[in-house]
Every structure is written in C-alpha cells, then in structure tokens.
Amino acid sequence: MELFWTQITDAQPAFPARSKAHGSAWGVSLLAYAVRAVWGIALPETAVLPGGKPYFPACPQVHFSVSHTRTAALVAVSAAPVGADVEQGLHNALEKLSASE
C-alpha cells in the first residue's frame, strides 16, 4: 500500500470534482498522481460498486481509496482492497510526520 496526501489550497486542482463536496477535485487529482506514480498509468475511468465504493473497471487489480476534508486529501493505492480516512485535524499530524522524514 502507498499513501499520498496533500493540503487543500486555493490553487486550482488538475482534475474536476466528482461530487459537490469541498475537496473532491483535490482527491481526484491526488488519485491521478498516485496511480501514475505507483503503476505508471493515466487515471482510468471509474465506476461505483452497489455499496458506493468507486473502482476502475478496466484495471480491477488496482485498488484505491480517496478521503478528503475541507483542508486535506488522502489517497491510498494498493494491489489489494484498501481503505483510507482522513479526519479534520489529522492533516496536521501528517504534515509533522512528513517533515520528520
């Protein structure tokens, strides 16, 4: 599993939002970055399973999870089913963790 995160800023994200939720476009943009970084492919088209979880029909071996708040986005990508959740305030801990690396 690989984790990617970013703070949400006033800059324009690279991809359009998939929902009206604040941060959605940042989540999609970060997912595109993660998929390219890990698997070297462009962002595939997504579909949604009956329970609401998005997936890539053309790439069933690529699993991902996207979570965002008003101030941060988190993406997990994996060769196995994966889930990720970011909470308001958690991005401060992520920022401190990445600064210590």
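In the predicted model, S78 is placed in strand β5, which spans residues 72–78. With a relative accessible area of 11%, S78 is buried, and a polar atom of its side chain lies 3.0 Å from the backbone nitrogen of A80. When neighbours within four places in sequence are left aside, the residues in contact with S78 are M1, W39, Q61, V62 and H63.

Aromatic pairing was examined next. The structure contains 2 aromatic pairs, one of which is formed by F4 and Y33 in an edge-to-face arrangement, with a centre-to-centre distance of 5.8 Å and an angle of 80 degrees between the planes. Because F4 belongs to strand β1 (residues 2–7) and Y33 to helix α1, this pair ties together parts that are 29 residues apart in sequence.

At least two residues of the lining are supplied by each of α1 (24–39), β2 (47–48) and β4 (63–68). Divided by class, the lining of the largest pocket comprises 7 nonpolar, 6 polar and 2 charged residues.

How values were computed
Residues numbered from 1 in each chain as written. Predicted model: local features only at pLDDT ≥ 70, side-chain atom pairs only at ≥ 80, totals over all residues. Heavy atoms only, no water. Helix = DSSP H or I, 4+ residues; strand = E, 2+ residues; numbered from the N terminus. Nonpolar A, V, L, I, M, F, W, Y, C, P; charged D, E, K, R; others polar. Phe/Tyr/Trp six-rings, centres within 6.5 Å; stacked < 30°, edge-to-face > 60°. Buried < 20%, exposed > 50% of the residue type's maximum accessible area, 1.4 Å probe, protein only. Polar contact = N/O pair within 3.5 Å; in protein donor to acceptor, adjacent residues only side chain to side chain. Contact = heavy atoms within 4.5 Å.
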